Amino acid sequence: MDEKTTMTHKIMLKDRKSGGFTGVRDVLSFDVSEILMETDCGTLQIKGKELHVSRLDLEKGEVDIDGQVDAFSYSQTPGMKKKGSMWGRLLSS
């Protein structure tokens, strides 16, 4: 996906149990308690229980999730480029 292309970032959440996201550039990490996505509006952290990515289409910038969603949190200013590789960022944390 071209970095200059921006999509509308949208969150659709149903009963805190299933959700759809647009404007997603990448899924950085996920496990049953946290999903971390890079979106056009910054890095989105989703916390909950029994979370899982049920559909991923990065060509369209769409992600669907299931599980109990407890919180959303954004970090990183939109348009800011991350420095270094994912492994470098993980090891330096």
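1. Let me start at one side of the sheet. S3 pairs with strand S4 (residues 34–39) in the antiparallel sense, over five bridges. Within that pairing, Ser29 sits opposite Leu36 in S4. Strands here are DSSP runs (E, at least two residues; helices would be H or I, at least four), numbered from the N terminus, and two strands count as paired if DSSP finds at least two bridges between them.

2. Some ground rules before going on. This is a predicted model, so local features need pLDDT of at least 70 and side-chain atom pairs count only at pLDDT 80 or more, while totals for chains, interfaces and linings use all residues. Residues are numbered from 1 along each chain as its sequence is written, and side-chain values use heavy atoms, with hydrogens and water left out.

3. Now the whole sheet. It is open, has six strands in the order S1-S2-S6-S5-S4-S3, and the pairing is antiparallel. Strand S1 (10–14) and strand S3 (24–30) are the edges, each pairing on one side only. From one strand to the next the twist averages 35° (axes are lines fitted to C-alpha atoms, for helices over the stretch in contact, with angles from 0 to 180 degrees between N-to-C directions).

4. On to the charges. Searching the whole structure turns up five salt bridges, meaning a side-chain nitrogen of Lys or Arg within 4 Å of a carboxyl oxygen of Asp or Glu. One of them joins Asp40 and Arg25, with the closest N and O atoms 2.6 Å apart. Asp40 is in the loop between S4 and strand S5 (42–57) and Arg25 is in strand S3, 15 residues apart, so this pair links distant parts of the chain. Both Asp40 and Arg25 are buried (under 20% relative accessible area; exposed is over 50%, partly exposed in between, 1.4 Å probe, protein chains only).

5. Asp70 forms a salt bridge with Arg16, closest N and O atoms 3.0 Å apart. Asp70 lies in strand S6 (residues 62–75) and Arg16 in the loop between S1 and strand S2 (18–22), so the pair ties together parts 54 residues apart in sequence. Asp70 also meets Lys49 in a salt bridge (3.3 Å, N to O). Lys49 is in strand S5, so here the parts tied together are 21 residues apart in sequence. Through shared partners, Arg16, Lys49 and Asp70 join into one network.
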